[in-house]
Every structure is written in C-alpha cells, then in structure tokens.
Amino acid sequence: MRTAAPVHALVGAAALIALTACGGGGDAGKGAGGTDGSGGGAITVKASDTACQVSRTSAAAGTVEFTVTNTGSQVNEFYLYGQGDQIVGEVENITPGLTRTLHVELTEPGTYETACKPGMKGDGIRASFRVTRSGAASQGSDESMAAAVTSYQKYVSSQADELLEETTRFVALVKAGKVEEAKQLYPVARGPWERIEPVAESFGDLDPKIDGREDVIDEGMAFTGYHRLEKDLWKTGLQPDSGKVADQLLADVTEIVARAKKVQLNPLQLANGSKALLDEVATGKVTGEEERYSHTDLYDFDENVAGSKAAIDALRPVLQARKPALLAQVDARFAALGKELDAHRCGDGFVPYTDLTPAQVKELSVALDALSESVAQVPGVVAAT
Amino acid sequence: MTSEVPGTAPAEPTSRGVSRRRLLGVGTGAALAGVVAGVGGTYAAQRAEGAASPSPVPGLDAPVPFRGTHQAGVVTPAQDRLHFVALDVTTKDRGQLVELLKAWTRAAERMTAGAEAAPGGVDGAGPYGVPQDTGEAYGLPASGLTITIGFGPSLFDDRFGLADRRPAALADLPAFRGDDLDPARCGGDICLQACANDPQVAVHAIRNLVRLGFGTVSVRWSQLGFGRTSSTSTSQQTPRNMFGFKDGTNNLKAEDPGELEQHVWVQPEDVTGTTGWLAGGSYLVARRIRMHIEVWDRTNLQEQEEVFGRTKGEGAPLGQTKEFDTVDLAKPGADGQPAIPVDAHIRLASSKNLHGVKILRRGYNFTDGTDGVGHLDAGLFFIAFCRDAQQQFVPMQRALAAKDALNEYIEHNGSAVFACPPGVAAGEHWGQALFA
C-alpha cells in the first residue's frame, strides 16, 4: 500500500478472465460466443517452428475459441496477450502433431496479440488480434468493488478511533508513573495500529516518530514513540523525558488518526494492504524483532493477521465471484495460521516471544508462508476487470 | 579444478590448456544425453534443435530430457552444480500432496527445457499480478538442468496411507561409528535434487519448486554444492574433492548399462506387490561430510596419499602409475607391506573388499561459510545411488567408519535416504504410481 496506485488505471486494464481449455477432451463445443459477423466458430492456429498462422485476426467480445495445431517439430505454446503483455489466455505443452483448444473470455474490446512460442522460449511469433464490441454488456463488478472500499474504510476509521482511545490511556499511565499498568496496556494499545499498519505507514513522516525502532530511525532524528516508551518501561526505567515523549506520541497519533480517517483507498490498495500486513509479520514479528524489550511480538503478529483478514473480508464478494477457489484457500490458511497462534495464547494475550522454541517459530513461519503465498494472488484477481 | 590446478601432475597432456568447460562439453551433447535418459521423453523431438541452439559450448547449455525410463540426474553425466533440498510435508491431505506433485512435474519439465516455471511466468501476469516465475534464470539456457525427486521413509507413516508401500530397504540408516549428526540436517519426507552447469539455474529450480509447495511442504534442510566430485560417464574427467584428491575413479558409469542394472536400478524382483512402484528407481543416500581441511592441509604428502591410497597428482592407485590402472590391493610396497595400506580409503571402499558391492557416487563439494571458530565449513555433500541402500551403502559405510584413515579428518553431520521412483512417461506425473 505504499504509493497510491491510480484507481482508474486498474479499471481500464484489459485483464480478462482466461479459461484455459486444458485437456477437456471433446471440444465439440458450440463455438460459443465466437458467432458474430466476422464469421463465428473456432479460430484455427497452425503453429510451426517458424510461423504462427491464425485463421482470423478479429472476433467479437465473448467466449472465443482457438484450436491450435502444432505442425512443427518443437514443443509449442500459444498465447493471447492483452495490454502490457498481460497473458489473457494460453495453452502450453503442445507437442508436435498435437491439437489443443483454448477458450478465452474476451469481455473488453480492444487490440490484443496472438503468439506461438516454438520451443517455449522468447517473445514468440506475434500478430495483432482485434476484439470488437458485441451486444452483450460485460458484467461490471463496480458495485461490489465500491462496497469493498466502503466497508474497509469503515474498518480503518473504527480502528483509528480505538487507537486514539487506547493511546490516550497508555500515555496517561506513563505520565502517572504507573509502570506495571502501562506495561499491561502497551501491547493492547498498539493493537489497532498493527491492524491498519499499511495505512498508517503510508504517512511516511509520522510512522517513524510513532513506531520507529531505535536502530531504524534516521540519523539526527530522536528516538520517540511506542518503542522508546517500551524501552523505558521494560529496560531503562522511566526517564526524565518519558512524559514528554508520551505527550508527543499522543499528538502524533492524534494527527495520524485524523489523516487515516480521511484516506481514500481503492480496491487494489486493499488487496496489497492485506499482503503487506503479512509481510510485516514475516519480516518483523515472526523473527521477534519488533518488540525487543517487551517481547510482545505475538500480539502484533495476531493484530497484523487480523488486519490482513479484514481487508480480505471486505473483498470477499469480489473474490467469491471471481476466484472462489482462491478465497477458499485463503480462508483455510487463515484458519490454519490462527490455530498455530492460538497455541501460544495465555490469558487475554500471548506468551512472550522468547518463550517460543525454534520449532514453534518454524511452525508459525510455515503457516504464514502458506497464507502469504495465497494472499499474494489476490491483487492480481482484484485488478482483473 | 581439474586440469587447471597448479601442481597437478602432467598426466593428460592432451587436456592441458583446455578449459574445463570444453572438456565437459565433449560427450555431454544430445546424443549421449538421449542414450542415458532413455526414450519416450515428451521433449525428445526437441532435443536435436535444442542442442543446436547457438552456444559456444554445445552440450553444457543443452537440455537433458525430463521424461524417460529412469529419472534424469542419476546417470546423467554429473553437472557442475547442485542445489539439494529436503522437505517435510505439512499437510495431512493426501489429495493436496498429489496436486503438488502434479504442479511440480509441470514446472520441473518446463524448467529443465529452459522455459519459465509457468507460461509467461516472469512478466505475463500483468502489472498487478504476482509473477509465477521468480525470474533469475530468465534468458539462461537449460544448462543441463535435471531435477530428481525422492521419497523419504517418514513419508510412509500413517499420514497418507502409504505404510504398506514402503520397500524394506527404505529405512533410516543405522548409526555409524563417528557420526556427529545434526537433526536439522537429517531426514525429510521428500527430496529434490537439482543439478545444472549453472548454479543460478539449479537454485532457481529449487526456489520455484519450494514456492509452489508453500502450504503443502516446508523446507527441512538444503545444501548447495559448487563443484561435482564424481564422474558418472567415461566422457568426464575425474574431479577432485576438497582434500585435493581424485576419489571415485572407479565409479559406476553411464556407459555400462549391465552394471547399472546390477548396482543402481531397483529391479522388478526387488519390489514386488505394493512396493512395485519403485521398480526402475533407485535409492539416494545423502551424507553431509564436514572436512577439516585446515588440519588436512598441514599433513604431509605421503600421509595424504596413504590415507586415500592414491597419488595426489595423477590419482594413480599406490603401486601403479596411471589413474585408471587396476587397483591391486595385494601388491606390496617398498617396505613389504601392501602399497595400498590396510586402512586406506580406496581399499575399504573397494568392491573387492566388500564382496562385490558397488554404488554410483554423485557428490558435490561445498563450502558453507565458516564454523565460527576461524575455519571454513567445507566438505563433501556425498550423494550415492544404489539398488538397495541397506545392502550396498550400509556395509560400505560400516567398513569405512570402522577403520578408514580418513576418519581423522572428517565427520558426517547430515544423513538421509530417499527412494527415487523411476522416470515419468509421457502424461505421467511424479509419484503417480506411488499414490495410485
């Protein structure tokens, strides 16, 4: 979620749902949507080692069928590319003499490219391919996208409120010198921050002041924020300037909350944010680096995962419509990771990171890798129009 | 490391001044690769063209057929580089594991042909999609890449209903005297061995297969090998290990199919009934052998040669003059004692000393950083293929562990055994017969 990607750039991108007809056998299909003025039916492709003969160079929007025959001596592949060389459909492993069929859903009119790739390498033998408008309107999912954004912005807003509320309490405890109570509240107060971390981090100037670790702040900048108070509470004891640091934290959080509530997001940012939260876990939490004095890393871990899931939940109708198998896998892997985390719960919170054995850390890491690999596929699905 | 090593005896005048790459290229071309890997490969038809693609060293860059009677990467002329990984299966879902084996087969076949792990894998997913190929081998030739899969004994527990499919010989190795095994470098449910003439290609292959496996398998341990220590074809020179010696001159070679059937490939009569899936396969034994190279380097030449039983420069058996001279275990030296000492490495590992037992060695040199006390963590990642790990490797290692003079300078700190199924025919996937 680093830099805001232009929302409309995505909507325009010609990324279409490709139905690769692998195997599938009896392609006695009715040449579905290919029926149109330009002479319907399957488009035949003769792919040799040096040529790629496509029987028609245009089709009406809808389901288009390509029947690809390898007349050469090398293994061949056939591709249909959209804008920016994005693969819209492909058939691979067409051995010499073999014929395979590709059904591809072309909802967006425009210019595409066909390509044969003898030997499976290189850019292939390309030709332009035009898709014309057809009667059938493309099923827009603009509404569910908009709903996803609205839903997630509500989530961000409620988390921002909670962050301000908890930080206010935490700051008061620090300033009152109530060390034990402040330590109790510390991981909880940070929770909302961790849930919306990619949004918060997008305000580059405030993030290091609020959440910077001692060794990652820029030269010449003071060590402030949550982690400075963490060090005071757990390691050095409260310092003469702890109260001042606490005041500054509250001021910074107040500002970031105001900004977060106004932030305008797009669906792709939600998807990327979901992944970014898991990346936070992979690089900072599962390694025990984030909370080096309090060792409350598992709290952050849990909150990052909760935030990641909130973004997926907002996108759920979109994913359910476009790629239900991926959504099912994402859900199953959130559940599996949740189970691993649950094993380390203690009271209302978690055991210290330092209590984990290397084998337990590996179990968490393995479940996290599996989930991240699936969630990483989500932006591509969301960006497809 | 072979003919270019300064101080190497002037044994092969024809090879001096010729780069190793050129030497390796000889005989590793399409014709031999085809012979070795058998027939029926999906990409067989492409082979001739592939080998003819522009390349300064034909052969080294060329692809090795993925499909065939036997898996590639066993008797394939040993490539220069290795990336080996042992994996644990993390799912309990048998169907999910089978799906991974299918996905792996597809990606492995593509990568061994020099293609991306998935069509358009590097940049075809569009700006918002995640590339399905990690990209570091993009544009590189196939580089002789082979990817060999094996199944460890632990896969045959109660998780996947495979218990009755475990051949008796697929069992953890017994403890050997002097072992210093690190559990983090031992065992594994599945292994993948990627060998190539370009390290980037080998690492890319493992990385992409591991990536496909997230959620189904996780890495247990992994080993890089930077240089082959074995020759598995008469077309190859015998390379040297980290002690500077040629070890494995009398290795089994691809050109002797009778010996391979006898010593390397599991025969149908070895695995009857529910274990029949392994017929035509082989057992892979992996041992990570740390070499105390600093201590070795302070050892005088005579002792070094007596430890191995060969001369250092030429690699001739002691008492002989040329590398490939017959090893004569009885021949006395100047002092009347056997020229090859009773505790010499080649005597103990000799088939004559082991009632005819032979194995196919396919190991790699490694240097994995430092041991933290001022030494290089260097050694040999020993890989052997055999028809029966228990009947071949175990007696050999027992003999070596008991009295090999080399033991003073080495220790085994990793160990694993895997059953590598036979090759995949057209349309088949890895593990198909096992999970049928």
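**Exercise 1. Are Tyr79(A) and Tyr81(A) buried or exposed? Then classify their ring pair.**

Step 1. Tyr79(A) and Tyr81(A) are both buried. Buried means under 20% relative accessible area, exposed means over 50%, and partly exposed lies in between (1.4 Å probe, protein chains only).

Step 2. Know the model. This is a predicted model: local features need pLDDT of at least 70, side-chain atom pairs count only at pLDDT 80 or more, and totals for chains, interfaces and linings use all residues. Residues are numbered from 1 along each chain as its sequence is written, chains are lettered from A and ligands numbered from 1 in the order in which they are written, and side-chain values use heavy atoms, without hydrogens and water.

Step 3. Apply the ring rule. Rings of Phe, Tyr and Trp (its six-membered ring) pair if their centres lie within 6.5 Å; planes under 30 degrees apart count as stacked, over 60 as edge-to-face and the rest as tilted. The whole structure has 26 aromatic pairs over all chains. In the pair of Tyr79(A) and Tyr81(A), the centres are 5.5 Å apart and the planes meet at 5°, so the pair is stacked.

**Exercise 2. Which charged residues lie over the faces of Tyr79(A) and Tyr81(A)?**

Step 1. Lys117(A) lies over the face of Tyr79(A), 4.2 Å from the ring centre.

Step 2. Arg126(A) takes the face of Tyr81(A), 4.0 Å from the ring centre.

**Exercise 3. Which parts of chain B does the pair of Phe245(B) and Phe308(B) link?**

Step 1. Check the geometry. The rings of Phe245(B) and Phe308(B) are stacked, at 4.5 Å centre to centre and 15° between the planes.

Step 2. Place the residues. Phe245(B) is in the loop between strand E5 (227-228) and helix H6 (257-263), while Phe308(B) is in helix H8 (residues 301-308). They are 63 residues apart, so distant parts of the chain are linked. Helices (H or I, at least four residues) and strands (E, at least two) are DSSP runs, numbered from the N terminus.

Step 3. Check burial. Phe245(B) has 0% relative accessibility, so it counts as buried. Phe308(B) is buried too, at 1%.

Step 4. Widen the view. Phe243(B), Phe245(B), Trp296(B), Phe308(B) and Tyr409(B) make up one aromatic cluster.

**Exercise 4. How do strands E6(A) and E7(A) pair?**

Step 1. Two strands pair if DSSP finds at least two bridges between them. E6 (residues 76-81) and E7 of chain A pair in the antiparallel sense over five bridges.

Step 2. Phe78(A) stands opposite Val91(A) in E7(A).

Step 3. E6(A) and E7(A) form a hairpin with five residues between them. In the turn, Gly84(A) has a positive phi of about 65°.

Step 4. Why is E7(A) largely enclosed? Seven of the eight residues of E7 (residues 87-94) of chain A are buried, so the rest of the structure largely encloses this strand.

Methods:
Lys NZ or Arg CZ within 6 Å of the ring centre and 35° of its normal.
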